[in-house]
Amino acid sequence: MTDQALAVDQQAMETQPQGLVVNSLTHRYGTALAIDRITFDVRPGEVVALLGPSGCGKSTVLRSIAGLIKPQEGTITMGAQRLDTMPARTRGIGMVFQNYALFPHLTVEENVGYPLTCQGLPRSERRQRVAELLTLVRLDTMARRLPREQSGGQQQRVAVARALAARPNLLLLDEPFGALDRALRFDLQVEMLRLQRSLGITTLIVTHDQEEAQSLAGRLVLMNKGRVEQIDTPTAVYDAPKSLFVNSFIGQANQLPGIIQSAGADHSIVRLAVGQKIKVPRQVEFVVDAPVVVTCRPEDVTLVSGANATTLPARVSVAIALGPTLVHELTLADGTEIRASQMRDQSMRPGKPGEAVFLSIDTARCHIFPAPAGSSLSSSPSH
Amino acid sequence: MRASGVPFLTPMLTLSVLFFAAPLAMLVGYSFVGETGFTLDNYARFLGDPFNFRVLVNTFRLGIQTVLGVTLLGIPIALLYWHSGPRVRQVIIFLTLIPMLTSNVVRTFAWIVILGRQGPISETLLAFGFTDGPISLMFTELGLVLAMTQIDLPLVVLPLIAMLSRLPTSLGEAAEVSGAGPWRILITVLIPLMLPALLAGWVLVFASTSASFVTQAVIGGARNVYMPQLIYREVGTLFDWPLAAAIAVVLLLTSGAVLLAITFLSRHRRLANHA
């Protein structure tokens with residue numbers, strides 16, 4: 001198999017992997033602020049994902065690191081070396097482009113060997129290295145093909161091999177799996193992880209796909225509107241989101257607008273817009289009467305048969321069985337939509353559309369965020 | 001079975017047969033007419049004269065030089081277009097299209113002025129001291145190539161621009177990140193990817209140049225004779241129509257062979273179907 005090629009590569013990688021530090025990166029397109037004081041780091045050998053909706057500035061960050069655009073402020077450092085003052089072609093970075101950007105007129109081996117040709121490596125060494133890389137990505141039988149004679153997944157692996165060819169210190173991946181269908185995507189992600197682990201190369205992935213980010217990266221850098229919202233491990237980002245944006249971007253979150261009624265030392269009470277009160281068993285940093293949004297994950301919402309002081313009345317809109325889970329789309333009395341997701345078991349029957357039910361929310365797992373500016377609650381008289 | 005398309009083709013087919021295929025067949029037929037019926041004598045007479053052979057070679061050389069000229073000028077113009085904003089792009093397109101919007105006679109006379117003894121080229125060379133006295137590029141092959149290059153420039157620039165516009169910018173970026181400098185990117189990525197468009201342009205330029213009777217006659221003058229003038233002389237001055245037909249067939253076959261060769265080249269595995 002590829003062990004031999006891996007061994008050769010590991011040897012080459014024995015030069016200690018270096019970390020990437022991005023500090024206070026700021027860039028404007030014209031007068032529009034694309035990224036605003038972006039600061040994060042990728043530790044040596046770590047995989048970090050830049051995650052955010054399209055237009056959040058993550059590509060601008062990636063292109064700044066690659067040297068394809070020159071940010072107006074901030075520094076980029078790799079190990080002890082400043083990258084931002086260097087031209088793109090001397091930065092020693094491998095990059096996989098969104099649509100792979102393979103040279104259509106060159107064969108697979110010529111594509112993979114292109115960075116080596118640029119380095120002026122002698123032909124025999126180049127051949128050997130290209131053969132190694134093609135074995136590494138399991139394309140050794142396709143050396144003479146042209147990119148268009150390959151499937152999307154194969155093209156993606158050629159792009160990865162080309163990015164790794166010149167033994168870069170840093171691997172940048174720009175939506176590397178975006179153009180592939182779902183089934184293939186997972187296989188290639190596993191393959192990519194195996195490759196990254198074996199090479200120990202410092203890796204930065206840009207993606208808008210949270211599942212992809214969670215499955216590949218050790219830490220996530222969440223971006224929104226040109227700013228970093230949170231930097232943390234995938235589980236921490238899911239369990240302890242620092243903002244409403246992060247909460248609703250990673251996984252699903254039900255949002256219940258309300259007003260802080262009392263803020264005690266061990267619990268707080270929020271009066272929801274729908275009328276009921278919700279008691280959150282911890283201290284919050286809000287003053288009384290502050291407009292807030294209470295969020296909860298669909299899996300923290302359960303349907304119960306009888307009403308009591310802590311349940312919310314709702315009506316079923318749709319019930320969908322998704323494999324092992326049963327998902328209910330529900331509407332509260334004031335029209336707020338809420339989603340509940342439970343593991344299916346024999347005793348449970350899906351609700352019928354229009355049926356009145358009661359919801360129990362696991363308040364220990366709820367989060368409370370300030371209401372976004374411009375929402376209906378911020379104009380309430382108590383403000 | 002699907003309905004046949006013949007009824008829809010009929011008008012175009014009739015037109016082609018009447019006004020293209022039939023006259024061409026008559027022309028070919030004419031070339032075999034002698035005093036005693038069928039003969040190969042006209043071809044023998046044409047090929048037997050070394051002067052005629054030189055004219056054929058000259059015509060090809062003119063075509064090749066013009067192709068070279070439009071390529072050397074067209075690639076930078078197309079690249080400039082590619083890197084420019086919308087306003088500059090409009091200007092480039094307009095300037096490139098000018099020869100196509102100008103009457104053949106007008107642009108030829110414009111070139112007479114430019115190439116002449118008191119034209120801008122002569123004046124500039126004189127001002128910089130490259131020549132001792134005024135020079136004229138009229139009635140020289142260089143002057144003719146210059147004029148033909150300008151006239152045929154859109155035939156190469158337009159396909160190149162179309163090609164570049166479809167090219168993803170990430171290809172250049174991928175080369176840059178791989179460690180290629182601007183010249184290497186141009187030579188190893190951009191020009192190879194431009195080749196299909198260049199080949200298409202070359203076919204048009206070569207065909208247009210070898211048949212451009214007016215420009216050849218006016219700027220080339222009597223000393224530089226090309227195939228179209230040879231044909232014209234046989235038709236209009238010597239009234240030897242069979243010989244004129246034979247020359248026309250030779251021109252058709254030889255330039256056809258060149259065009260066919262270029263077309264085959266563009267079917268190469270690495271050139272076809274991309275971008």
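Two strands count as paired if DSSP finds at least two bridges between them. Strands (E, at least two residues) and helices (H or I, at least four) are DSSP runs, numbered from the N terminus. The model you are looking at is predicted, so local features need pLDDT of at least 70 and side-chain atom pairs count only at pLDDT 80 or more, while totals for chains, interfaces and linings use all residues. Residues are numbered from 1 along each chain as its sequence is written, and chains are lettered from A, with ligands numbered from 1, in the order in which they are written.

Let's start with chain A. Here 4 strands make an open, antiparallel sheet in the order 2-1-4-5. Strand 2 (32-42) and strand 5 (81-82) each have a single partner strand, so one side of each is left without a neighbour in the sheet. Strand 4 (residues 73-78) is joined to strand 5 by 2 bridges, and A:M78 has A:Q81 as its bridge partner.

Next, find A:F103, in the loop between strand 6 (93-96) and helix 3 (108-119) of chain A. Why does A:F103 count as buried? It has 21 other C-beta atoms within 10 Å, and 20 or more make a residue buried (12 or fewer exposed, in between partly exposed; C-beta atoms are placed from the backbone). Not counting residues up to four places away in sequence, A:F103 touches A:N111, A:Y114, B:L171 and B:V189; contact means C-beta atoms, placed from the backbone, within 7 Å.

That brings us to where the chains meet. The contact takes 19 residues from chain A and 20 residues from chain B. On the chain B side, helix 8 (170-177) and helix 9 (182-210) each supply at least two residues, and helix 8 gives the most, with 6 residues.

Technical notes: Contact = placed C-beta atoms within 7 Å.
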